[in-house]
Amino acid sequence: MKNNAPKDRSVDTKPTTLTAYSLETQTEAAIDLLKRLIATPSLSREEDRTAALIEQFFRQRSIPYKRTKNNVWTHNRFFDPAKPTLLLNSHHDTVKPNASWTLDPFQPIEREGKLYGLGSNDAGGCLVSLIATFCHFYDKKDLAYNLVMAATAEEEISGREGLEMILPELPPIDFAIVGEPTQMHLAIAEKGLLVLDCTAKGKSGHAARDEGDNAIYYAIKDIAWLTSNPFPKVSPTLGPVKLSVTIINAGSQHNVVPDTCTFTVDVRATEQYTLEEIIETIRKNIRSTVQPRSIRLKPSSIPLDHPIVQAGIALKRETYGSPTTSDQALLDCPSLKCGPGHSERSHTADEFIYLREIEEGIELYIRMLEQIL
C-alpha cells in the first residue's frame with residue numbers, strides 16, 4: 001500500500017559476515033538498522049519497505065528467512081524439530097505521527113545519548129535488540145531450544161495480517177518473548193481487550209406527554225450494573241477486570257423520547273475470566289444487547305517459576321502485570337513481554353530511545369537466554 005510520507009532516507013550498509021560479534025559490534029549493527037527503520041515510513045498496513053530492510057539485514061548475514069505479506073521470520077541454523085522452540089517477536093509497524101511533533105518523525109536524530117524518531121521506542125529498539133540477540137545465537141550448536149525470530153506487522157492496529165497470519169506457518173511454540181518497551185523488566189501477565197457494542201431498546205414518543213419508553217433510562221441502569229464491580233475475582237498480577245463505558249449515543253431532538261441508546265464498553269480482562277465468560281455474564285445481567293467486536297485479544301501470562309522468568313529475576317529484573325495489550329494476546333503459549341525503552345514514551349511526540357537502552361537490551365536478552373539455552 002502506498003503512502004505520502006517522506007521518502008526513505010536510509011543508506012546501504014556493507015555486508016557483514018556472521019561471526020562471534022562483540023556486544024559493541026552487535027549494538028552498532030542494531031542501532032544502524034533502527035536508524036534505517038525510522039527513516040522508512042511503516043505505518044500499519046504500509047510496512048512493505050521496512051520488511052524489505054529486515055530481509056536485507058538477514059540476507060547480508062547469510063541467514064535464510066521467509067516472508068508472508070509484511071512479516072519476516074527465520075530460525076536458528078541448527079533447528080531441530082525434536083527440540084522445544086522459543087519465539088522472539090516484535091513489530092515494525094508504527095502509529096501515525098501526531099501533530100505535536102517538533103522534529104521530523106522520519107529523520108533519525110542522535111542527540112545527548114538519545115535516538116529520536118517515530119517507532120524508535122515502540123517498538124524499534126526492542127525489535128533490533130531481539131534481532132541482534134537472535135544473530136548471536138544463530139549458528140551455535142547444541143542449544144536446548146530452537147529459536148524463531150519473527151518481525152511482524154499490524155501490531156498497532158491489532159490487524160489480522162501480522163503475527164496471527166504467520167502463526168500457522170511457524171513450528172509449535174513452547175514459549176515466547178515479545179519485545180515491547182518495559183525497561184527490560186518482566187511483564188509476566190498482560191490484560192486482554194474486549195470491546196462491546198451495546199444497544200438498549202425502548203419506544204419513541206413525544207417528550208411533552210406521558211408516552212414512550214426511554215431507551216436512555218435502560219442504558220443508565222445497565223451501565224450502573226457494569227460499574228458495580230460485577231467480576232469479583234482479582235488477579236494477583238493484573239488486579240481486577242476493568243470496565244469503562246467510553247462512547248454513548250442516543251436521541252435525535254429534544255422533544256422526542258429516544259427508542260434506541262447505544263454505548264460502547266472497553267473491558268480490560270485478566271486471566272481470572274475467559275473473554276467468553278465475561279460476555280456471557282454481562283448478557284445475563286443487562287437488558288441491552290451485547291455484541292463483541294472480537295474475542296481475539298486474550299489475557300496472557302507466564303508462570304513466575306518459568307525458567308526465562310527466573311533467568312530475568314536472577315539479573316535483578318522486576319516482575320509486574322501490564323495493563324496494555326500487545327501481540328502477546330494472540331499467542332496460545334506462555335509468553336513474557338520484555339524490551340528496552342519505556343512504555344510512557346510510546347505514541348508520543350518526539351519519541352525517542354536512549355542508545356544505552358539498546359546496548360543494555362541486547363546484553364540482558366543474551367544473558368537471560370544463556371541461562372536456558
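Trainee: In which strand does Asn-146 lie?

Mentor: This is a predicted model, and in it Asn-146 belongs to strand β6, which covers residues 146-152.

Trainee: Is Asn-146 buried or exposed?

Mentor: Asn-146 has a relative accessible area of 0%. Buried means under 20%, so Asn-146 counts as buried.

Trainee: Which residues does Asn-146 touch, not counting those up to four places away in sequence?

Mentor: Asn-146 touches Asn-76, Phe-78, Phe-79, Asp-80, Pro-81, Lys-83, Pro-84, Thr-85 and Leu-86.

Trainee: How far apart are Asn-146 and Leu-86 in sequence and in space?

Mentor: They are 60 residues apart in sequence, and their C-alpha atoms are 6.0 Å apart in space.

Trainee: Let us turn to the helices. At what angle do α1 and α2 pack?

Mentor: Helix α1, residues 23-38, packs with α2 at an angle of about 155°, and their axes are 10 Å apart. Angles over 145 degrees count as roughly antiparallel, so α1 is roughly antiparallel to α2. The crossing is right-handed.

Trainee: Which residues meet there?

Mentor: From α1 come Ala-29, Leu-33, Arg-36 and Leu-37, and they meet Thr-50, Leu-53, Ile-54, Gln-56 and Phe-57 of α2. By class, this contact has 6 nonpolar, 2 polar and 1 charged residues.

Trainee: And how do α2 and α3 pack?

Mentor: Helix α2 (residues 48-60) and helix α3 (residues 120-137) pack at about 20°, with their axes 12 Å apart. Angles under 35 degrees count as roughly parallel, and α2 and α3 are therefore roughly parallel to each other. Their crossing is right-handed.

Trainee: Which residues make that contact?

Mentor: Ile-54, Phe-57 and Phe-58 of α2 make it with Leu-127, Ile-131, Phe-134 and Cys-135 of α3. The contact has 7 nonpolar residues, with no polar and no charged ones.

Trainee: What about the largest nonpolar core: which members touch the most others?

Mentor: That core has 53 residues, and Phe-58, Ile-131, Ile-308 and Leu-369 touch the most other members. In soluble globular proteins, nonpolar side chains tend to be buried together.

Trainee: What does Leu-369 touch, leaving out residues up to four places away in sequence?

Mentor: Leu-369 touches Leu-86, Leu-88, Thr-133, Phe-137, Ile-177 and Ile-308. Another core, of 24 residues, lies apart from the largest one, and its members include Ala-219, Ile-223, Ala-269 and Ile-278.

Methods: Residues numbered from 1 in each chain as written. Predicted model: local features only at pLDDT ≥ 70, side-chain atom pairs only at ≥ 80, totals over all residues. Heavy atoms only, no water. Core = buried A, V, L, I, M, F, W, Y, C linked by side-chain atoms within 4.5 Å. Buried < 20%, exposed > 50% of the residue type's maximum accessible area, 1.4 Å probe, protein only. Contact = heavy atoms within 4.5 Å. Axes fitted to C-alpha atoms, helices over the stretch in contact; angles between N-to-C directions. Helix = DSSP H or I, 4+ residues; strand = E, 2+ residues; numbered from the N terminus. Parallel < 35°, antiparallel > 145°, perpendicular 65-115°, else oblique. Left-handed = near helix turned anticlockwise from the far one by under 90°. Nonpolar A, V, L, I, M, F, W, Y, C, P; charged D, E, K, R; others polar.
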